[in-house]
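Please work through each task before turning to its solution.

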Amino acid sequence: GWSTRSLLLNPNGGNVGIGTTNPGFKLDIDSGTNASSFRMKSTNTTSNRVFLEATSGNVEQHFLYTGNQDWVIGLDKADSNKFKISSADDTFGAGTKLTITTTGNVGIGTTTPASPLNVYGLSDDTANNLLRLQTSAASANDSAGLTLWTKPTSGVNSRNWQIATNFQNYGNLDIMRSTSNSGNPLTAVMSLDATGNVGIGTTTPGSLLSVHSSGNVYFGGAL
C-alpha cells in the first residue's frame, strides 16, 4: 500500500476525503499548511455559480476558527426564508446581527425590519450609538453628514436636505437645503456652532440665538 494518500475513495460509498484518510463529511478537505483549500474556475462569460440547496430546514454557510467564534450566513427557513448573518453556532436566534427580508428590508440588531433600513440598539448605552457617520479625511475641514434626497420628478418645489458637521464652519452642525429639486443641498438654513449658539440665516451666530433675514421675522405667542 501507499504511505500517503491525496484522495481517498470508499468503494462501498460514504465520505470522500482529500488530504485526509478519515473524512468526517461527505466531502472533507484538509489543506494542511496550504492557505488555499480549493478553487472552482469557470470559463463561462456570464457567471460562475455555487449552489447550496436544502429540501427542508435552513441553508447555512459556517465560518469557524477552531475553538473560537463561529459566524453563520444563510437562509432561515423557519423565519420566512430571510437571509441572516449570525455570530452564534447552529442558530439564527439571539446571535443574529443582520437580516434581509424577501421584500428587501434590512435589519441591523432586529430580525423584523419594518423599513428599507431598520437599526435597533441599546439607546440607553452611551457607548453603543445606533448610527455613526465618520469621515476618513484628516484635514481641519473634514465633514460628515446625512443627505435626504428626493426624486428629481417629485415636483419643482421639493428640496434636498443635508445635516452635516464642519461643513460651513469648523465645529458647526449645519442644516442645509438645495435651491432646486435636483440640486445639491449646500445652502445653510440653520447652524449650531461649537459653543452652542444657534444661527438662522447665518453660519456664524454671535449670540445664543442669531437670526439674519432680509425679510420680516415673526414671533408668535406670548413673549
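**Exercise 1.** In which strand is the place of Val 119, and as what does Val 119 count at 30% relative accessibility?

*Solution.* Val 119 has its place in strand E9, where strands (E, at least two residues) and helices (H or I, at least four) are DSSP runs numbered from the N terminus. This is a predicted model, in which local features need pLDDT of at least 70 and side-chain atom pairs count only at pLDDT 80 or more, while totals for chains, interfaces and linings use all residues. Residues are numbered from 1 along each chain as its sequence is written, and side-chain values use heavy atoms, with hydrogens and water left out. Because its relative accessibility is 30%, Val 119 counts as partly exposed, on a scale where buried means under 20% relative accessible area, exposed means over 50%, and partly exposed lies in between (1.4 Å probe, protein chains only).

**Exercise 2.** Determine the order of the open sheet of 6 strands that includes E9, and name its edge strands.

*Solution.* The order is E4-E5-E6-E7-E8-E9, with mixed pairing; two strands pair if DSSP finds at least two bridges between them. At the edges stand E4 (59-64) and E9, each of which pairs on one side only, and the twist from one strand to the next averages 10°. Next, take the individual pairs: E8 (residues 106-108) and E9 pair in the parallel sense over 3 bridges, with Leu 117 of E9 as the bridge partner of Val 106.

**Exercise 3.** Which residues are linked in a network of salt bridges?

*Solution.* Apply the criterion, a side-chain nitrogen of Lys or Arg within 4 Å of a carboxyl oxygen of Asp or Glu; by this rule the count comes to 3 salt bridges. Lys 84 forms one with Asp 76, the closest N and O atoms being 2.8 Å apart, and another with Asp 79, again given as 2.8 Å from N to O. Lys 82 meets Asp 79 at 3.4 Å, N to O. The network therefore links Asp 76, Asp 79, Lys 82 and Lys 84. As for burial, both Lys 84 and Asp 76 are buried, and both Lys 82 and Asp 79 are buried.

**Exercise 4.** Which strands stand at the edges of the open sheet that contains E10, and is Asn 160 buried or exposed?

*Solution.* Here 6 strands follow the order E10-E11-E12-E13-E14-E15, with mixed pairing. E10 and E15 (209-211) stand at the edges with a single partner strand each, so one side of each is left without a neighbour in the sheet. E10 and E11 pair in the antiparallel sense over 5 bridges, and Gln 162 in E11 is the bridge partner of Thr 147. Asn 160 is found in the loop between E10 and E11 (161-165), and because its relative accessibility is 0%, Asn 160 counts as buried.

Terms used. Axes are lines fitted to C-alpha atoms, for helices over the stretch in contact, and angles run from 0 to 180 degrees between N-to-C directions.
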